[in-house]
Amino acid sequence: MTVVTLQVLEGLERGRTLYNLTPPITIGREDDNDVRLNDERVSRFHVKIQEDSGRLILTDLQSTNGTQVNGHPVQMRVLQVGDQLLIGRCLVLFGSAEEITNRAIERRQQEDSNPSDPTLSVSGDSVYEESLKDENDLLSAAFHNLQEEDFPELFPLGRPESPINLSAIQRAQISDILAFIHDQIRSVILAGAENKSSRLKPDGTYNVTWEGWQQLLALEMHMASYLKRIAEPD
């Protein structure tokens, strides 16, 4: 049986630790919640933590002020030990001190034993770049040998429909992926908007064409729509 520890770091409940909570767990301002937070910015039923396929999923229950995980607004998230949840004005640490320490030790051991593992290395690390050099050369050569007609339109009927009949863990994982893509695209758009003069080329284009820029904007809107649909609570 999975048990959860929550530690309140900031807010009116600061210093409070809740041990041995068993999912599903609701957190909110009302007495009927498994965890009640005394904060007017916390909704009556603010978030839910449930277990699926051995992983713990946080879902915002359409709260008024939203929920943040590690400083980012989320509607759904597969929780990891050490995550910081901002619920109202309460900053809640997910996991016990022992769990967080063990995770840090495991992470360090993985980094020491896999210095060139792309999932453990920081982008730009010389070891990481060297480990991918040969593979990138092969990919570049392959793409140069292909013509434009070798790449048919992937979705000739337009954008795909939203996924249906997913389990809770599938919804959370897809939500995480789309949130990452959304954040990356948004950063590109903001960078381009702030540095138009430096990115302008003699032929009147940026690093991408104007049409490509519009496609990025449209894609961002589609991603935001997908995120909302996937993360809607049952």
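**Exercise 1.** How many nonpolar, polar and charged residues does the lining of the largest pocket have? Work it out for this predicted model, then say where the pocket lies.

*Solution.* 

Step 1. Begin with the space itself: the volume of the largest pocket is about 870 Å³.

Step 2. Next, collect the lining, which consists of 27 residues. H72, P73, V74, A179 and F180 are the ones that lie nearest the pocket centre.

Step 3. Sort the lining by class: nine residues are nonpolar, 12 are polar and six are charged.

Step 4. Now trace the lining back to its elements. At least two residues each come from strand 6 (55-60), strand 7 (67-69), strand 8 (72-74), strand 9 (76-78), helix 3 (168-194) and helix 5 (210-231). Helix 3 provides the largest share, with nine residues.

Step 5. Because domain 1 (4-98) and domain 2 (168-192 + 207-231) both give residues to the lining, the largest pocket lies between them.

**Exercise 2.** Is R16 buried, partly exposed or exposed? Describe its surroundings too.

*Solution.* 

Step 1. Locate the residue: R16 sits in the loop that runs between strand 1 (4-10) and strand 2 (17-21).

Step 2. Check its relative accessible area, which is 27%. Buried means under 20% and exposed means over 50%, so R16 is partly exposed.

Step 3. List the contacts, leaving out residues up to four places away in sequence: R16 touches L6, Q7, V8, R36 and L37.

Methods: Residues numbered from 1 in each chain as written. Predicted model: local features only at pLDDT ≥ 70, side-chain atom pairs only at ≥ 80, totals over all residues. Heavy atoms only, no water. 1 Å grid on protein atoms, 1.4 Å probe; cavity = no way out; pocket = protein on both sides within 12 Å on 5 of 7 lines; lining within 4 Å. Points joined across faces, edges and corners; volume = space filled by probe spheres on them. Helix = DSSP H or I, 4+ residues; strand = E, 2+ residues; numbered from the N terminus. Nonpolar A, V, L, I, M, F, W, Y, C, P; charged D, E, K, R; others polar. Domains from an automatic or database assignment. Buried < 20%, exposed > 50% of the residue type's maximum accessible area, 1.4 Å probe, protein only. Contact = heavy atoms within 4.5 Å.
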